[in-house]
Amino acid sequence: MSEQDSIWSRFPPDLMGTVVLTGFAIVFTFAPIISATTLRVIFTGVFLLFAPGYTVLAILFPESADSDTESISIDTIERAGLSIPLSFVTVPIVGLILSVSPLNFAVMPLTIILGVFVSGGCVIASWRRQSLPVTIQYRPQPRTRAAAFSNTLGQGMSTRSFL
């Protein structure tokens, strides 16, 4: 397997960002000096609100919304919007499982379990995307969507037209 064909070169950038956010949340939870700062609250808050839900969505919907398949697929904005409520569902379920386990329900075990869940889920989501043809794989295009959104608002049209 050459360097071009390694899994890291094909790992989707949105899932890589989710794994990096998970790493920052774990570092800011366990580092003694940093854990007392507001950076811990910011990174772990964004992690808890976004990463678990986004990972579940990435596993469930590996296809692009632009694909012509008959299966259900969601767009970038829908992924971002749905990841927060799905995190509100996922985190308590993981916490409930943790509370009946031999580990105590505390910040550090919860961060570790959610970190493993998100990282493993990102690997599964990447595998599911790569098993699809390249033409229908979901690839985030935030600049394209943001430009379309700003153009739509500038023209006074409905915001639904850019989706």
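**A helix pair in the chain**

A: The chain has an accessible surface of about 9,800 Å² (Shrake-Rupley method, 1.4 Å probe), and carbon and sulfur atoms hold 70% of that surface. The model is predicted, so local features need pLDDT of at least 70 and side-chain atom pairs pLDDT 80 or more, while totals for chains, interfaces and linings use all residues. Residues are numbered from 1 along each chain as its sequence is written, and side-chain values use heavy atoms, without hydrogens or water.

The chain contains 6 helices and 0 strands (DSSP runs of at least four residues in H or I for helices and at least two in E for strands, numbered from the N terminus). Of its 163 residues, 35% are buried (under 20% relative accessible area, 1.4 Å probe, protein chains only).

Now the pair. The axes of H2 (residues 13–30) and H5 (residues 107–130) come within 10 Å of each other and cross at roughly 165° (lines fitted to C-alpha atoms over the stretch in contact, angles from 0 to 180 degrees between N-to-C directions). H2 and H5 are therefore roughly antiparallel (over 145 degrees).

Several residues of H2, including Asp14, Leu15 and Phe30, meet a set in H5 that includes Val107, Gly115 and Arg129 (contact: heavy atoms within 4.5 Å). The residues of this contact divide into 11 nonpolar, 7 polar and 2 charged (Asp, Glu, Lys and Arg count as charged; Ala, Val, Leu, Ile, Met, Phe, Trp, Tyr, Cys and Pro as nonpolar; the others, Gly among them, as polar).

Arg129, in H5, counts as buried because its relative accessibility is 1%. Leaving aside neighbours within four places in sequence, Arg129 is in contact with Asp14 and Leu15, and also with Pro12, Tyr54, Ala58, Pro62, Arg79, Gln137 and Tyr138.

Definitions and conventions:
Parallel < 35°, antiparallel > 145°, perpendicular 65-115°, else oblique. Buried < 20%, exposed > 50% of the residue type's maximum accessible area, 1.4 Å probe, protein only.
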